Amino acid sequence: MKMICGLFLKGRHIGMKVSIIDNSLCDSSFVSDVKPEAIKAYTDALHEFGVSYIEMTTDSFIMIPPASDMSKIILRMTSVRDLLYINSFDFAYVVVPAHLTDLIPKIERPVISELCLHGSDYMRVTEMFEKNFELDKVSMIRFVDDFRKSPQEMARMLAEYRRKYYRPIDICPTNKYTNAVSEAIAAVIAKSDSLTMRFGDYEQYAELQDYTVSLATLFGVAPSPQMIMALYKCRIMSLTLTSRSHFCRVSGQKPRLTLLLPKQKKKRAESCFTAS
């Protein structure tokens, strides 16, 4: 599971032993005329940017080309109907939210069990759900929360969990109370096995591009030209897939790449478009 997600920063490589999962295809609003090739180009750009796995729902999955590499795709389960796809394709992992835990025994693929903590104690929550399924069927546990923890506190949390359950941990920080990007960096410093973030303008999760810029800033170096080009590709393809790009074509405006630092306030309506 563990892969190297590195930052190439003007000749200097900062290696992080953490897998990056992007979940921007879980609830994206696609334009009506989106083509499978466009989705494939977007996922390729995300991998070039440093993403290890792409998480998506069946709505997104059925739109990708048939010959796509399943080893880098994580399917997010949303209902019992998804079992038809789950056991028919060789996905890398299947994300199972807590309310679908009872379906885990029917899944024939590696499972990421997602637990939304909502400020609760992570050990108590895990113990509660452990009673409802066989833990040996779960390959990884994902904690979703606004953790509000320092790197030291995050490291203690991960160490305590690993001592009891011996399972890799995926951290999915949210923006409910604090900066999710700061929580993501704390998780990296604390040596989390995996991080789930989202590329694009999204207020709930840590934004992948802001995380990357923040990490580069933390090390005091600028992103390399290769990373900037990959970021540009991701941004353009993201606009191509969503209804925002459709608005550009209808209105006669064209998309513009805007790279903002994490502390800058995003004026989304103004920063995404420029008059042609």
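Helices here are DSSP runs of H or I with at least four residues, strands are E runs of at least two, and both are numbered from the N terminus. This is a predicted model, in which local features need pLDDT of at least 70, side-chain atom pairs count only at pLDDT 80 or more, and totals for chains, interfaces and linings use all residues. Residues are numbered from 1 along each chain as its sequence is written, and side-chain values use heavy atoms, with hydrogens and water left out.

H5 spans residues 151-165, 15 residues in all. From its first C-alpha to its last it reaches 21 Å, close to the 21 Å expected at 1.5 Å a residue. That expected span is 1.5 Å times one less than the number of residues. Met154, Met157, Leu158, Tyr161 and Tyr165 of H5 are buried. Buried means under 20% relative accessible area, exposed means over 50%, and partly exposed lies in between (1.4 Å probe, protein chains only). Seen down the axis, these buried residues fall within an arc of 95°, so they line one face of H5. The arc is taken from the directions from the helix axis to the C-beta atoms. An α-helix has 3.6 residues a turn, so residues three or four places apart point the same way. Arg156 and Arg163 are exposed, on the face of H5 turned away from its buried side.

## The chain overall

The chain has 276 residues, and 51% of them count as buried. It holds 10 helices and 12 strands. Take the contacts (heavy atoms within 4.5 Å) with a separation of 6 or more: residues 24 or more positions apart account for 62% of them.

## Helix H1

H1 covers residues 36-49 and has 14 residues. It reaches 20 Å from its first C-alpha to its last, close to the 20 Å expected. Its buried residues are Ala38, Ile39, Tyr42, Thr43, Ala45, Leu46 and Phe49. They cover an arc of only 155° around the axis, which puts them on the same side of H1.

Several elements cover that buried side, including strand E3 (19-25), strand E4 (53-56), helix H2 (58-61), helix H7 (208-218) and helix H8 (225-241). Gly50 follows H1, with a positive phi near 125°.

## Nonpolar cores

A nonpolar core is a set of buried Ala, Val, Leu, Ile, Met, Phe, Trp, Tyr and Cys residues joined through side-chain atoms within 4.5 Å. The largest has 64 residues. Met77, Phe143, Ile171, Leu195, Leu208 and Tyr211 have the most contacts inside it.

## Aromatic pairs

Rings of Phe, Tyr and Trp (its six-membered ring) pair if their centres lie within 6.5 Å; planes under 30 degrees apart count as stacked, over 60 as edge-to-face and the rest as tilted. The count comes to seven aromatic pairs. Tyr53 and Tyr93 have ring centres 5.7 Å apart and planes at 85°, so the pair is edge-to-face. This pair links distant parts of the chain: Tyr53 is in strand E4, Tyr93 is in strand E6 (residues 93-97), and they are 40 residues apart. Both tyrosines, Tyr53 and Tyr93, are buried.

Phe89 and Phe91 form a tilted pair, 6.1 Å centre to centre with 55° between the planes. Phe89 is partly exposed at 35% relative accessibility, whereas Phe91 is buried at 2%. Ring pairs link Phe61, Tyr85, Phe89 and Phe91 into a cluster.

## Cysteines

The structure holds zero disulfides. A disulfide would be a pair of cysteine sulfur atoms within 2.5 Å. The closest cysteine sulfur to that of Cys26 is in Cys172, 9.3 Å away, too far for a bond. Cys26 is buried at 13% relative accessibility. Cys234 is buried too, at 0%.

## Loop residues

Ser68 lies in the loop between H2 and strand E5 (73-76). It is buried, at 12% relative accessibility. Leaving aside neighbours within four places in sequence, Ser68 is in contact with Lys40 and Ile73. Ser68 and Lys40 are 28 residues apart in sequence and 7.8 Å apart in space, C-alpha to C-alpha.

Arg148 has a positive phi near 55°. Its place is in the loop between strand E8 (138-145) and H5, and it is partly exposed at 49%. Lys191 also has a positive phi, near 65°. Lys191 is in the loop between helix H6 (180-189) and strand E10 (194-197), and counts as exposed at 66%.
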